[in-house]
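My notes are meant to be read beside the sequence and the coordinates.

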Amino acid sequence: MNERQWQSTDVEVNRSDGTKNSETFTPAPAKDQFQEELVIRPLHSGDIYASFQFRTLWDTDFLQEGQKKVSHYRLFPKSLGQVLSKFSVQELHISFTQGFWRTMQWGQPFIPSPPGAELWVWFHHTVSDVDGNWKELTNVLSGIFCASLNFIDMTNTVQPSASFKPLGLGNATDHRFLRYATLPREIVCTENLTPWKKLLPCGSKAGLAVLMKSEKLFHSSFHSQAVHIRPICQDEQCTSKAWELRQTLNVVFDHYTSGQGKKEWSLFKMFSRTLTEACPLASSSKVYVDITDNPELFELSPATPLLSQAVVLGDRRTYSVYDLTRAETFGQLRSFNLLLRWKGDNMLRPLLHAERYVAGFGLQTGEIHTVIYNNHPYRAFPVLLMDSVPWYLQLYIHTLTVTSKSRDNKPSYIHYQPAKDRHRPHLLEMLIQLPPHSMTEVTVQFERALLKWTEYTPDPNHGFYVGSSVISALVPSMVAMSTNFTQDQPLFSSFVPVKEESSYFVRVYTEPLLVNLPTPDFSMPYNVICLTCTVVAVGYGSFYNLLTRTFQVDEPSPPLAKRLANFIRRIRGVPLLA
Amino acid sequence: MDYYNLMRIFAFIHLLVSIPHGYSNYVETKAGQFFSSGHTNNWAVLVCTSRFWFNYRHVANTLSVYRSVKRLGIPDSHIVLMLADDMACNYRNPKPATVFSHKNMELNVYGDDVEVDYRGYEVTVENFLRVLTGRLPPSTPRSKRLLSDDRSNILIYLTGHGGNGFLKFQDSEEISNMELADAFEQMWQKRRYNELLFIIDTCQGASMYERFYSPNLMALASSQVGEDSLSHQPDLAIGVHLMDKYTFYLLEFLEEVHPASQANMNDLFKVCPQSQCVSTPGHRTDLFQRDPGSVLITDFFGSVRKVEITKDTINLTSPVEPPIQRSGSGDIQIESLTYVDQLPVAEIIHQKPKQKDWHPPDGFILGLWTLILLVFFQTYGIKHLKHIF
């Protein structure tokens with residue numbers, strides 16, 4: 001058997017500059033770059049909040065007509081690139097969340113998200129059939145992320161008129177091109193994490209993504225993974241666009257369930273792995289630890305001389321920075337593990353938080369209460385409340401009341417689109433001015449509809465979900481924010497573009513609601529059919545037999561001995577037996 | 001003596017000639033076996049039809065077959081996995097993101113690399129039949145389609161609660177054995193499979209394959225008509241039964257199989273005899289063309305690729321870089337782009353309400369007005385119109 005050898009093919013690279021021919025083979029300048037970072041923020045209750053952000057920047061234009069289609073993908077995942085160009089998507093934001101973010105105990109998240117799945121998309125202004133594109137886009141995304149996003153249809157899609165302005169570049173803000181939908185029932189599990197990890201350039205093999213082990217990530221109080229795609233400024237002058245893909249994963253570990261009751265955290269305890277190397281394709285790979293409350297609250301080891309200050313969520317925080325692209329971060333053991341130990345307790349009062357619940361009793365009527373708290377001592381600020389209620393809860397808008405400090409508070413803008421049965425949900429958007437240090441309550445009464453028996457889910461007694469309300473607000477900031485956009489800003493502070501220095505934009509999601517609809521007894525038709533058929537069979541059948549049948553007496557056949565005796569008697573000619 | 005020597009020489013020459021001939025015979029029979037099955041790709045459709053936490057074992061059944069099938073080579077793109085409920089991230093699961101098949105949490109069949117194609121409410125009889133017959137709406141993504149052809153061997157595994165002639169889907173609907181047989185006939189007529197192996201683990205499972213009538217089908221069931229399939233062992237920490245007996249022993253059998261294994265279908269029929277399973281597993285091979293003894297397990301559970309070795313060398317050309325267009329800097333005046341204000345309060349307050357498009361009146365309104373006009377003309381007559389107007 002002779003050895004088969006691979007023959008290498010040597011290619012002569014023509015490096016001469018174009019005197020004779022204009023094609024040069026110099027390698028193209030890198031048009032895409034990848035950054036990864038992990039921010040660890042210890043929370044006052046002893047829990048710990050870890051936020052991963054992976055950003056791929058690519059300066060190309062998917063939507064430009066006349067240029068040939070993009071076909072060479074390097075760091076940007078091809079599946080998403082093809083989706084963007086096929087459906088002419090300007091911005092796409094999709095998130096999958098398990099658990100509810102407790103603003104009162106944990107503060108504000110870097111990237112907020114509601115429980116379940118949320119998808120909102122801005123389409124390009126050249127799209128003619130937005131609804132058709134939306135329907136196909138949800139189906140394609142359900143295949144990419146292994147989620148049942150194909151349940152998004154006209155009955156749970158809304159078109160907000162003032163909320164959800166584009167987070168990226170854009171001048172046309174015609175809300176006809178915006179679609180928003182949420183699936184509060186959607187479950188997040190390893191099958192959603194697996195395709196999400198496969199979109200990263202290094203996968204889950206190198207860099208920060210090695211920490212993402214599903215057994216630890218899902219054993220947490222809050223888990224949220226999201227993909228945000230938008231066009232951003234390429235540089236300071238903002239003359240050209242670049243596409244930004246951010247994949248974020250936020251997780252909050254509970255010190256009771258994951259921490260075994262001890263207020264002490266390390267990377268190994270949180271993720272059951274330590275870091276060994278940065279992703280080779282990343283231009284920057286950093287770990288930030290929020291040490292603003294150090295040393296009164298907790299102590300951190302290994303210490304690092306690198307510190308950075310960033311203004312995020314209206315507050316100036318100090319961070320210890322660990323740069324994974326430098327080999328000395330990993331030390332002698334070639335593995336990097338952080339250790340945080342708690343020392344004291346402290347209370348936190350966020351400036352804005354909200355909650356929502358259903359009041360009332362019985363299965364006919366109810367009342368939705370949304371309570372918004374403004375904890376700023378002297379400043380009032382406006383919030384935009386957006387509610388999307390499914391059609392089977394029929395809202396009575398004449399009972400809508402907005403009260404602050406037990407006085408009526410008239411919203412300066414109301415947009416209400418009533419629902420159409422089985423067609424469209426309710427959409428209610430209001431711009432409310434919150435007085436300082438107050439509680440504002442929005443109440444509206446509703447009536448529950450009776451669904452057709454085929455429209456019930458296989459487990460109707462679980463209840464039906466109503467998606468979270470979205471509260472978008474410009475909260476006054478205690479520290480001046482910088483409006484300059486630089487490339488070296490850490491990712492967690494550069495998600496929302498800052499337009500003015502004195503306030504920051506924040507989005508707060510309330511709890512989803514679970515309401516019971518009047519549910520019929522599904523075994524009832526079967527029981528009724530059995531009973532009716534039995535009654536009909538016994539009653540009518542006997543009656544029919546009595547009327548239509550004639551009765552005649554039938555002689556039983558004589559036994560064998562008698563038959564034989566009769567036979568012999570017949571031969572003898574003697575009269576037969578009876 | 002000469003004759004004896006001549007005989008020896010003849011025998012030696014005969015031996016020399018026959019060894020290569022015998023060797024080529026051996027190669028030919030091996031090659032014959034290698035190409036005998038006639039399939040070029042493998043697909044698997046694995047369905048769990050039960051909902052609710054106490055049906056944990058059905059999800060574990062399906063995931064253990066998924067694990068074996070993936071281990072033996074079928075890629076995720078060729079597996080359609082349908083799970084009717086989520087057990088791994090269920091709030092009742094004391095170990096999230098895991099589904100165990102053996103007690104004391106020995107083997108996590110959920111793993112780290114699972115892709116579920118249909119989950120939750122999507123697992124319905126309609127979707128299952130559409131996947132089998134290929135009649136899906138055009139916007140269905142590829143991962144949710146069964147893109148098999150006439151050279152595909154398909155493995156179909158169903159588990160859940162069943163009865164004599166039906167299988168229950170999610171506590172609200174059923175599929176009958178006649179519907180299943182008709183679906184397979186549709187697949188045969190559309191040339192969607194080469195050979196099909198159907199395994200079902202439910203109570204009275206043998207009733208589901210009684211009505212099959214399409215060729216090239218082999219079926220296995222965990223119990224006969226009138227018998228119940230039993231569950232295997234509970235785990236006291238998780239609190240539910242982890243697996244069904246038949247699939248548990250099937251998993252143990254499949255763990256021994258590797259891609260080059262020569263185990264055949266007769267070994268599969270012997271899995272879980274009545275002494276272990278309490279119910280009597282059944283099988284049906286009359287519609288199958290080949291002898292089950294010559295059908296390898298990896299024909300259905302694995303994805304053994306046939307590789308042709310070539311000795312030619314192929315030159316790869318270098319990739320052609322498109323000429324880089326460097327735009328002239330500073331010549332064209334490009335306006336700088338800006339970000340949009342996230343909450344433009346003044347703009348929102350002064351936003352004009354959208355002009356609603358005028359629609360012609362709806363059918364109901366039209367009908368109502370027609371009725372009113374008819375009654376009016378009936379009562380008053382046309383000739384009075386000039387007095388009224």
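1. Basis of the note. This is a predicted model, in which local features need pLDDT of at least 70 and side-chain atom pairs count only at pLDDT 80 or more, while totals for chains, interfaces and linings use all residues. Residues are numbered from 1 along each chain as its sequence is written, chains are lettered from A and ligands numbered from 1 in the order in which they are written, and side-chain values use heavy atoms, with hydrogens and water left out.

2. Number of disulfides. Taking a disulfide as a pair of cysteine sulfur atoms within 2.5 Å, the count over all chains comes to three disulfides.

3. The link between chains. A:Cys189 is joined to B:Cys89 by a disulfide with an S to S distance of 2.1 Å, and this link is right-handed, with 85 degrees about the S-S bond. Because A:Cys189 lies in the loop between strand S6 (178–183) and helix H4 (190–198) of chain A, and B:Cys89 in the loop between strand S2 (79–83) and strand S3 (118–119) of chain B, the pair joins two chains. Helices and strands here are DSSP runs numbered from the N terminus, helices being H or I of at least four residues and strands E of at least two. Both A:Cys189 and B:Cys89 are buried, where buried means under 20% relative accessible area, exposed over 50%, and partly exposed in between, with a 1.4 Å probe and protein chains only.

4. The link within chain A. The sulfur atoms of A:Cys202 and A:Cys279 are 1.8 Å apart and form a disulfide, which is right-handed with 75 degrees about the S-S bond. The pair links distant parts of the chain, 77 residues apart, with A:Cys202 in the loop between H4 and helix H5 (214–217) of chain A and A:Cys279 in the loop between helix H6 (267–271) and strand S10 (284–290) of chain A. A:Cys202 is buried at a relative accessible area of 14%, and A:Cys279 is buried at 2%.

5. The link within chain B. B:Cys272 and B:Cys277 are joined by a disulfide, S to S 1.7 Å, again described as right-handed, with 100 degrees about the S-S bond. Both B:Cys272 and B:Cys277 are buried.

6. Chain B as a whole. Chain B has ten helices and ten strands, and 46% of its 389 residues are buried. With contact meaning heavy atoms within 4.5 Å, 72% of the contacts in chain B between residues at least 6 apart in sequence join residues at least 24 apart.

7. A surface patch. B:Tyr3, B:Leu6, B:Met7, B:Ile9, B:Phe10 and B:Ile13 form a nonpolar patch on the surface, with about 660 Å² of accessible area together. Accessible areas come from the Shrake-Rupley method with a 1.4 Å probe, and for residues only the protein chains shown count as cover. Patches are made of residues with over 30% relative accessible area and no salt bridge, like charges being joined within 9 Å and nonpolar side chains (Val, Leu, Ile, Met, Phe, Trp, Tyr) within 5 Å; a salt bridge is a side-chain nitrogen of Lys or Arg within 4 Å of a carboxyl oxygen of Asp or Glu. B:Leu6 lies in helix H1 (residues 2–34) of chain B and is partly exposed, with a relative accessible area of 45%.
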